[in-house]
Amino acid sequence: MAAMYPRIDVEDVAQFSAVGGCDSSSSGGSSPTSSRSGPSESDGSSSSSNADEFCPYPYYPKESASPSSSSLTVRGEVDRNDPPLFTESSACVLDDIGRHHQRMLALLPAFSSSPEAGPRADALSRWLAGFDVGWVLDMGGAGASLPRREVGRRVRAWAQALTTMERVFRLRLAHQELTKAQVGAREELAAASAGAMLTLASAVAALGSSPSKLLAALDVYVPFSEVFPVLRRMFSWGPSHPVSVSTEATRAALVDVAQSCRDELRKFIRSHYPWRMPQGGEVHPCVGFWMGYFRCMTRNCISIYFFLNDDEDGKRSPGAEGLGLVAELISSLETVLEDKSSGLAFPGLRQVFMLNNTFAILRRAVRSDLTMFLPPGWVRAREERMKGYIKGYMDASWAPVVSRLTADTGGGKKPSTVSVLIRRRTSRLTAFYTALENACSAQRCWKVPNPVLRVTLRKTVSAEVVPAYRRYLEDHPEVEVAVGRTAEELEEQLSNLFEG
């Protein structure tokens, strides 16, 4: 009867998570990480500091949306059905917007109908500096000369400043109406601010080819796509207005950047990571890096569903390609892991390596919003794949050991005496002990980082080896069993596998 191997299903993944804590990449800004991160022992996946080169800055923390999220918008007019705005934090936000509004009123005279260039430039500089983005006036095409980490820092500051600026422009205070001159000056200030803020996109486009370039483009595009249409409607900028023209050019540039990076991601997965294989079969550091990267990428759902789905004719097919893209990229990662695992020559180690890595990929996907972007059946396919790796591991590592108990060492001839028969059976047992010791000695150094997965694998080995050994001893009571070789002691020995 064929051996039955455990199937690792999604409930098991949740159980594994509860035992080992949350998954993690390295902390800090070295790589994109899951927002639900914790100790990395639970699945063994981690991110190398080399990830700095490719994804050099941390993204929006925890489960909050990006600074451009419309959920953070503070409106001048409150809908009665909206939840109360005046929490302690929202009061601080309103106070901050009110402060910027007062600054705007003080700067409006410089943007009157016949201003001088010097005062206007100085006022614009002071206005932008008040949002901590005065550096946009000096950006131009300087993005290529900036470190990627610095570009990331500026993208985050830019996104926050842009959304706050837009709220200030549309804030209406009942007790303070603007004069006609002030309304015109406010439009001039808005146009100058919008034009200056657009320069960041050219810096992002000028970045060298890398995975971080795509994330930067996505982070720029989301607040850009939310704020500039609002400003255009608010100030009635027609299609020929300079800001409208620049906005369309910027949008096209961002789409080109993201689509070219999207097409390069498969190459990055294969070549832009140090593929030094872990010799204990543990999770490769690239898994933590790339699964965190995919999660950072999909956090911008607007971009995934629309931005990355623009075709050559400018038409969009929302959702379809975005859904397939994530699954395809994860599949590319899995393919590379399979290819590289062939370098692990020890019998069974390749299957343990793929079991660890498939589990880490599945666990990170299940415990994050990546599952929204994966097709039906994706999780179940990985569960079955893990079952196959366990079977392959048992066939490669332990089937040869157990076969020593049934191997015929007599050349097919019937033994002539009882003593010959006993010697032959003893020889089988000796061969079994030797194979067992060799397997245990090697596999004690292999690593299965998740504690429950480790226990599952140990129990599978015991269920295959110990009953076969016990049956052999019961069927051949005449064979003398060495000290320390009872079935129970053998089971205890197998419980030390995969300690690393």
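Colleague: Is S236 buried or exposed, and what is its relative accessible area?

Modeller: The classes are buried (under 20% relative accessible area), exposed (over 50%) and partly exposed in between, with a 1.4 Å probe and protein chains only. S236 is exposed because its relative accessible area is 64%.

Colleague: What kind of model is this?

Modeller: Residues are numbered from 1 along each chain as its sequence is written, and side-chain values use heavy atoms, with hydrogens and water left out. Local features need pLDDT of at least 70, side-chain atom pairs count only at pLDDT 80 or more, totals for chains, interfaces and linings use all residues, and the structure is a predicted model.

Colleague: How many helices and strands does the chain have?

Modeller: Helices (H or I, at least four residues) and strands (E, at least two) are DSSP runs, numbered from the N terminus. By that count, the chain has 17 helices and zero strands.

Colleague: Where does S236 lie, and what is its phi?

Modeller: S236 sits in the loop between helix 7 and helix 8. Most residues other than glycine have a negative phi. S236 is not glycine, yet its phi is positive, near 55°.

Colleague: Where is F498, and what is its phi?

Modeller: F498 falls in the segment after helix 17. It is buried, because its relative accessible area is 2%. Phi of F498 is also positive in a residue other than glycine, near 65°.

Colleague: Which residues does S244 contact beyond its neighbours within four places in sequence?

Modeller: S244 belongs to helix 8 (residues 242–271). It is buried because its relative accessibility is 3%. Contact means heavy atoms within 4.5 Å. With neighbours within four places set aside, the partners of S244 are R232, W237, G238 and P239.

Colleague: At what angle do the axes of helix 5 and helix 7 cross?

Modeller: Axes are lines fitted to C-alpha atoms, for helices over the stretch in contact, and angles run from 0 to 180 degrees between N-to-C directions. Helix 5 (residues 180–197) and helix 7 (residues 211–235) have axes that come within 11 Å and cross at roughly 155°.

Colleague: Which residues of helix 7 meet helix 5, and what is the handedness of the crossing?

Modeller: A crossing is left-handed if the near helix is turned anticlockwise from the far one by less than a right angle, and right-handed if clockwise. From helix 5 come R186, E187, A190 and A194; they meet F228, L231 and F235 in helix 7. The crossing of these two helices is left-handed.

Colleague: How are helix 3 and helix 5 oriented to each other?

Modeller: Helix 3 (residues 117–129) packs on helix 5 at about 65°, with the axes 11 Å apart. Angles under 35 degrees count as roughly parallel, over 145 as roughly antiparallel, 65 to 115 as roughly perpendicular and the rest as oblique. So helix 3 and helix 5 are roughly perpendicular.

Colleague: Which residues of helix 5 make the contact with helix 3?

Modeller: The crossing of helix 3 and helix 5 is right-handed. Helix 3 contributes R120, L124, W127 and L128; helix 5 contributes E188, L189, A192, S193, A196 and M197.

Colleague: What arc do the buried residues of helix 17 cover?

Modeller: In helix 17 (residues 487–494), A487, L490, Q493 and L494 are buried. They lie on the same side of helix 17, because their arc around the axis is only 115°. The arc is that of the directions from the helix axis to the C-beta atoms. The value for these residues is 115°.

Colleague: Which exposed residues does the other face of helix 17 carry?

Modeller: This face is turned away from the buried side of helix 17. Its exposed residues are E488 and E492.

Colleague: How far apart in space are I390 and V461, C-alpha to C-alpha?

Modeller: I390 is in helix 13 (residues 378–397). It counts as buried because its relative accessibility is 1%. I390 and V461 are 71 residues apart in sequence, and their C-alpha separation is 9.7 Å.

Colleague: What distance separates the C-alpha atoms of I422 and V479?

Modeller: I422 is found in helix 15 (residues 418–443). It is partly exposed, because its relative accessible area is 27%. V479 is 57 residues away along the chain, and the C-alpha atoms are separated by 6.4 Å.

Colleague: How many disulfides does the structure hold?

Modeller: C261 is buried at 2% relative accessibility, and C286 is buried at 0%. A disulfide is a pair of cysteine sulfur atoms within 2.5 Å. The number of disulfides in the structure is zero.
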